[in-house]
Structure formats: structure tokens, C-alpha cells
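Visitor: I'd like a close look at just one part of this model. Could you take me through it in one go?

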Amino acid sequence: GMPDVNPPLAKADYIKKPSNVLIGIVLKGQSEEIVVNGKKYNSIMPAMDYMDDVQIADALNYIRNSWGNKIPGAVTPAMVKNLRK
């Protein structure tokens, strides 16, 4: 992320949230303040519901296992499809 603008993805405690929460953020966007690694961020993330279920699952799995992140478990397209309803 951009310092003081967008939250980081590298070693970000925020992405340890349950998969359904992260999927919901991608599908619906987010506009409220969040805290990542102890720092507050208040920027808007638009919904990305135009992505298909496989793209969302792949993106979240990549984020959860890159840049020093090692989040166990996988996000599946079926999980995304279930929450898209």
C-alpha cells in the first residue's frame, strides 16, 4: 500500500481475518476505518464483484501467501460463490 494512504499487504495482520470476511470485502467493498498492524486507515476500497469466483479466490490466496504472509487454509471459488448470493 501507499504509506499513510492505503494499508499494507505485506505481513498484514488484517488479512488473518476469516475467509468469509475477506471475500465479503472484495465483493462489497469497504469504506469504514480499519486498523492494520496497529495503524488506522480510512480509505475506500470499491467493490470488485465484477471479478469471477475463481479470480477472487486466486487473488485472496495469493495475498494470504505472499509478502511474508503465511495464512493456513485456502479460499475456494465455491466459498466465493456461496457469499456472492
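Guide: Happy to. Keep in mind that this is a predicted model. The largest pocket is lined by 27 residues, and those nearest its centre are Pro-7, Leu-9, Ile-25, Met-45 and Ile-63. Its volume comes to about 570 Å³.

Now for where the lining comes from. Three elements supply at least two residues each: helix H1 (19-28), strand S1 (34-36) and helix H2 (53-64). H2 gives the largest share, with 5 residues. H2 also has the highest mean pLDDT among the elements of the chain, at 98, while strand S2 (residues 39-41) has the lowest, at 92. For the chain overall, the mean pLDDT is 93, and 96% of the residues reach 70 or more.

While we're on H1, have a look at Ser-19, which lies in that helix. Ser-19 counts as buried because its relative accessible area is 14%, under the 20% cut-off. Its side chain makes a polar contact with the side chain of Arg-64, at 3.4 Å. Setting aside neighbours within four places in sequence, Ser-19 is in contact with Arg-64, Val-75 and Met-79.

How values were computed. Residues numbered from 1 in each chain as written. Predicted model: local features only at pLDDT ≥ 70, side-chain atom pairs only at ≥ 80, totals over all residues. Heavy atoms only, no water. 1 Å grid on protein atoms, 1.4 Å probe; cavity = no way out; pocket = protein on both sides within 12 Å on 5 of 7 lines; lining within 4 Å. Points joined across faces, edges and corners; volume = space filled by probe spheres on them. Helix = DSSP H or I, 4+ residues; strand = E, 2+ residues; numbered from the N terminus. pLDDT = per-residue confidence, 0-100. Buried < 20%, exposed > 50% of the residue type's maximum accessible area, 1.4 Å probe, protein only. Polar contact = N/O pair within 3.5 Å; in protein donor to acceptor, adjacent residues only side chain to side chain. Contact = heavy atoms within 4.5 Å.
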